Structures are given as C-alpha cells and as structure tokens.
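We will start at the ligand, then step back to the domains.

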Amino acid sequence: MPEQLTVYNPATGEAIESIPQQTAEDVEKAIERSHKAFQSWSKTSAGERASLLKKWYELIVENKEELAELITKENGKPYEEAVGEVLYGAGYIEWFAEEAKRIYGRTVPAPTTGKRIVVTRQAVGPVAAITPWNFPNAMITRKAAPALAAGCTFIIKPAEDTPLSAYALARLAFEAGIPEDVLQVVIGDGAEIGNVFTSSPKIRKITFTGSTPVGKILMKNSADTVKHMSMELGGHAPLIVDEDADLDLAVAQTMASKFRNAGQTCVCANRLIVHESVKDEFAKKLSEEAAKLKVGNGLEKGVNVGPVINKKGFDKIVGQINDAVEKGAKVLTGGTYDQNDEKGCYFVTPTVLSNVDTSMNIMHEETFGPVAPIVTFSDIDEAIKLANDTPFGLAAYFFTENYRRGIYISEQLEYGIIGWNDGGPSAVQAPFGGMKESGIGREGGTEGIEPYLETKYMSIGL
Ligand code: SIN
C-alpha cells in the first residue's frame, strides 16, 4: 500500500490532493484513543453535546460553498446538488443535537411492592463507520451526529475515492469544540481497516453504508466480538406508474429519483414498472426530459449529470445497457458514453430503455448509473410481484391518484422507504433504511439515535 493516497477529480482526471494513509497499527491506536475518549465523552451532559453539535452544524452551513465544491471535485456531482447534500447532511447534525436532549428512560411497575424497576439508556461505546463515495458528506453526518449525540466516540473510514470531505467535516467539528479523539478519520486499505474494526473488542458498533456483499463480510467478521450493527446496503428500487397516475408528476419525480447523482444512489428508481395503457406517453415524456439533461463537469454551470465515479462503476452500467440491448431492449434516448481510460474519466448519457424484460441483468442488479429501464404490466398485483421479486428492500415508488389503490400498493411493497407520488422521500426527520438484504437499522428521525444506545435496567429492592 502506498503511503500517500492521491484523490482524483472524476470529471477531469486531475489530482486534487494527496493525503497520508494509515496502517493497521495506526488504526489500532485510533481505536485506543477512541476508547479512552469514550470514558469522558459519554459522561458529558446531553446539553453540552447538543451545543457542540449545534456549533458544528452552524460552521458547516457557513462553509457550505467550500464543502460543496470539494464534493463536486472528488465525487463529480453537479455543484448545486453538492450544496444540497451539504445542507441535507448538516440537517442531521441539527436534528440529532436536539435529539440528544430527548434520550429518555422509564419506570416500570415492578412485580412486587418491595421493588422498583428503572430503565435507562446509555451510549453503546466507540463506533466505527465505513462510509461511501456517493454522498461523501451526508452519509458521514447521518451516522456521526446520532453517535456523538448519544455519547459515543466515532471513527470514520471514508471511501478511498472521496476522503477529503471527511477530513473537511472533521476540521469543522474540531473548530466547533468537539475533541479530536471523539471524532477521528482514518484512511487506507479498506479490507485491512475493516478487519481491524471488526476484530477489536473495543469497537462496540459498526455502521456501514455500501454494498450488500461488503455488509455481509462485516457482519460475519463482527460475530466473534458480537457488535451492534447498522447496515445501509444496496437497493433495486421499483417505481410503479399505475394507469390513473398523474403522468407529468410521475415523469418529474422519476427524473428526480433516477438521475440525481448520475443515478448513483441506493434509493434511485432502478426498474420503471409502467401500466401498459400509459406506457407510450410516459416513455415519450420521460425520454424527452432525459434528453434535455446536460452531462459534464459538475463545476460548470448548467450541468445536470456528472461523471460516474470510476471504471468499475462505468463497466457495470455499460454492461447492463449492452446486455439489455442484445436481448431486445430499445434505446429511446441516450445509450452513449464518453470513456477516457487514460484520465480515468467516465460519463454516461442519461438513457431510457423500453421493451425491457426480466431476462435482462438490469432487472436483477442495482445499476448505480443514469439508466431507466421500462417494463409494462396490466394488473397491479403483477406489478407488485415484480417489484418485490428481489432480495433488496430499500426504497420503492409508485404513482396513483387513487387513495384506495395507493394504500393497497404501499401495504404490499416489501420496502423500508415508500415514495407515493414522491421521488425524493429522503428527509432528516424520517427513518431511512431497508428491509431484507438492504440492511438493518434506521438512520434519521427519532429512530436514528436508537442504534447508538444500550438499554439498562435497575431492579431496586426496598
Ligand atoms: C444513499 O444513496 O445511500 C443515500 C441517499 C439518500 O439519503 O437520499
């Protein structure tokens, strides 16, 4: 492993910065510091933690332009979208600064009059977080804020493609007064650092956002030390457009869901399941809108879709398009790409495919790219069956103006997040997370602090 990690701009191939990498021994030392700091941080008052988090939130908002530019440089997403990510991410800090003050216990009627039962909550201990490149900022704050609010110390291992946002956030946390050993960042070989985290008895919780296969490895490797786990894993979101949908709304919301971050989100609509009676009109409108999107460097004005993160991601997207076309899919718009292996820059034109069927890989694998495949249905139960026919269960969307049908569909879908006439359900106030192989635990909302808390009860004899 080279001692320095060079971070490149995926839109230009230019080196942004080189930073030192940590070895396994460095990470072990970071865990020791985290363990020691936990003894004092967990004993601070909720009000003290809340005001430090509030200050961190304010500094992030004050520095939103710089943080957003850094996101665009290392991740590639358009600048305006990056500003949105910074504010979305900061919102979690503001939210959990307030939730810190609402960690309640309870008293329980005891089995005899000679006893009292008191239930309290306390921080789980030092937490290790492994965070993804697709939201280099917000996926850190969504985990760090509830952890710190609960009284846990926190070590972040950001993605190798986008570590700079993690360091920028940490610097602002220290400026806000959060002690350096309470929030640490380590970078280096992912598998090696993952093993140090999972095997350490001092790390009491792992929180991870990333692929399902890596999540499974982390869970297996954590078994020997029986850790708390939060897993926000892959998705394969269906988006159902029913016969009575408001088509203009459905198109606008599909655009927002599908092409945000060049289609590189876990909650992106991945399979468009459209009633046969409205398919032609929906497909035409969606293709027209997709064709208007400007692809390029996210720092340039007017760009809506940036590069895909790297060659691995690009090969998967192009592989899915080619496989679908070979098996009979029709390209309504897009289907082209710009590949520069020398610079490491990969752009995919927003693509809409029709005549898609379940023999195609795109119907079974998460795409993580700007490709919208359309399949049709004639009966709503057929659409629901198709929607649920996956090991994933993160987000699902549907469009109908009929409330009886809407309630029915929402109750049948095996997903943790449901967007009904809404392509952007993510919100600081709501419990984000998936069912089945999309993960365990929820982030955000009142639920978001729970995974960082232990329950303890005292049975007091009188
Ligand atoms: C993700 O893709 O992992 C997060 C997306 C979101 O928070 O909306």
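A residue counts as near a molecule if one of its heavy atoms lies within 4 Å of it. Keep that cut-off in mind while reading this predicted model. Which residues are around the ligand? The list runs along much of the numbering: Tyr88, Asn134, Phe135, Met139, Arg142, Glu232, Arg260, Thr265, Cys266, Val267, Ser426 and Phe432.

Three of these residues deserve a second look. Tyrosine 88 has a side-chain N or O atom 2.7 Å from an oxygen atom of the ligand. Arginine 260 also places a side-chain N or O atom by a ligand oxygen, at 2.8 Å. For arginine 142, the distance from a polar side-chain atom to an oxygen atom of the ligand is 2.9 Å.

Now step back to the whole chain.

Where do the two domains meet? On the domain 1 side, 26 residues are in contact with domain 2, and 29 residues of domain 2 take part. About 2,100 Å² is buried between the domains. Carbon and sulfur atoms give 59% of that area. Three residues stand out on the domain 1 side: Pro10, Trp133 and Ser438. They supply 24% of the area that domain 1 buries against domain 2, more than any other three residues.

What holds charges and polar atoms across this interface? The rule finds zero salt bridges between domain 1 and domain 2. It does find seven residue pairs in polar contact there. Helices H3 (64-75) and H4 (79-99) each supply at least two residues of the domain 1 side. H3 gives the largest share, five residues. Sorted by class, the domain 1 side has nine nonpolar, nine polar and eight charged residues.

Salt bridges do occur in the structure, which holds 23 of them. Side chains of opposite charge can pair when their charged atoms come close.

Terms used
Residues numbered from 1 in each chain as written. Predicted model: local features only at pLDDT ≥ 70, side-chain atom pairs only at ≥ 80, totals over all residues. Heavy atoms only, no water. Contact = heavy atoms within 4.5 Å. Buried area = accessible area lost by both parts, 1.4 Å probe. Salt bridge = Lys/Arg side-chain N within 4 Å of Asp/Glu carboxyl O. Polar contact = N/O pair within 3.5 Å; in protein donor to acceptor, adjacent residues only side chain to side chain. Helix = DSSP H or I, 4+ residues; strand = E, 2+ residues; numbered from the N terminus. Nonpolar A, V, L, I, M, F, W, Y, C, P; charged D, E, K, R; others polar.
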